[in-house]
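Reader: Hi! Could you walk me through some side-chain and helix contacts in this one?
Author: Happy to, let me put it up.

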Amino acid sequence: MSAPENAPDGSAPPALGDYLLGQLIAEDKDTRTYHARQRAMDRGVVLVMKKAEGRAQQAASFLGDVRAKAAIEHPGIGSVYEAVENERDLYWTRELLSGQSFADLCEGGHVYTPREVTGLLKQLGRAMAHLEERGIRSAALKASDLILGEHGILRIQNLALAGKREADETARDLREAASFMHELLQPELAGTALFGATRLGRLFGLMMGEGEEVRLSWTQVANTAHELEQSLVAEVQKATEEMVKESRRKRIRKMGLAVTGAAAV
């Protein structure tokens, strides 16, 4: 049966096969997307259900996209669990990624240092390179597709689609990533927190297409971000050590002045 969007107050959640449907979280002309719980595994999932209208004609395309997603195996990309097709229903389920989306982070005013943003960009680049290098067609990247979990681990929703990858997909997604990554960059920094801001800004510019002779790949972005991150770690460590040494020298000078003054007295 096709599930209702909301269960009546006080009633049991509507069920679809092995899944108990929860909140409707998205809807377009073809699908409804729900939070759900898989009873057999006792785990939260995201369930995407094909609407009844045009289901028979669009089933092959719908399942083709699901198969493309299911073929992806990368730790930074969300997993697909299963697809179900029967006389009444057509739906698939995917991993419920834990954390906050970049869209929520931007809306909530969260900001990060250049070093932190560089680390996030490295993780995103590696995940997106997995799709690019295999010629996998993908849906357009959005800030809501990126989920920041515990310990700064970034994962993305599974964007794979059936069909041939378009030539402009990488440039399209690089521009979008540069835009919302820049929005997360903390302004008006001082001290070691500022390190890398200029270099990261130049990388954003290349991702946005500034300098038409340069066409970046996601692998190049990931590698550049990794090199910058390693450089920043070393620079911050060196600067911190110098600050500690200078603070120690000042204390010694003060002690020397105090001793000299006492001797004079």
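Reader: Which ring does Arg43 lie over?
Author: Arg43 sits over the face of Tyr81, at 3.6 Å from the ring centre. Keep in mind that this is a predicted model.

Reader: Thanks! And how many aromatic pairs are there?
Author: The count comes to 2 aromatic pairs. One of them is Tyr19 with Tyr91, an edge-to-face pair with 6.1 Å centre to centre and 85 degrees between the planes.

Reader: Where do Tyr19 and Tyr91 lie?
Author: Tyr19 is in strand S2 (residues 19-27) and Tyr91 in strand S6 (residues 90-95), so the pair ties together parts that are 72 residues apart in sequence.

Reader: Are those two, Tyr19 and Tyr91, buried or exposed?
Author: Both Tyr19 and Tyr91 are buried.

Reader: Nice. Why is the pair of Phe102 and Phe180 edge-to-face?
Author: Their ring centres are 5.9 Å apart and the planes stand at 80 degrees, so the pair counts as edge-to-face; the cut-off for that is over 60 degrees. Phe102 belongs to helix H2 (residues 102-107) and Phe180 to helix H4 (residues 169-183), 78 residues apart. Phe102 and Phe180 are buried.

Reader: Switching to helices: at what angle do H3 and H5 pack?
Author: About 35 degrees, with the axes of H3 (residues 114-133) and H5 (residues 197-207) 9 Å apart. H3 passes H5 in a left-handed crossing.

Reader: Which residues meet there, between H3 and H5?
Author: From H3, Pro114, Val117, Thr118 and Leu121 meet Ala197, Leu200, Leu203, Phe204 and Met207 of H5. That contact divides into 8 nonpolar residues, 1 polar and no charged.

Definitions and conventions. Residues numbered from 1 in each chain as written. Predicted model: local features only at pLDDT ≥ 70, side-chain atom pairs only at ≥ 80, totals over all residues. Heavy atoms only, no water. Axes fitted to C-alpha atoms, helices over the stretch in contact; angles between N-to-C directions. Helix = DSSP H or I, 4+ residues; strand = E, 2+ residues; numbered from the N terminus. Left-handed = near helix turned anticlockwise from the far one by under 90°. Contact = heavy atoms within 4.5 Å. Nonpolar A, V, L, I, M, F, W, Y, C, P; charged D, E, K, R; others polar. Phe/Tyr/Trp six-rings, centres within 6.5 Å; stacked < 30°, edge-to-face > 60°. Buried < 20%, exposed > 50% of the residue type's maximum accessible area, 1.4 Å probe, protein only. Lys NZ or Arg CZ within 6 Å of the ring centre and 35° of its normal.
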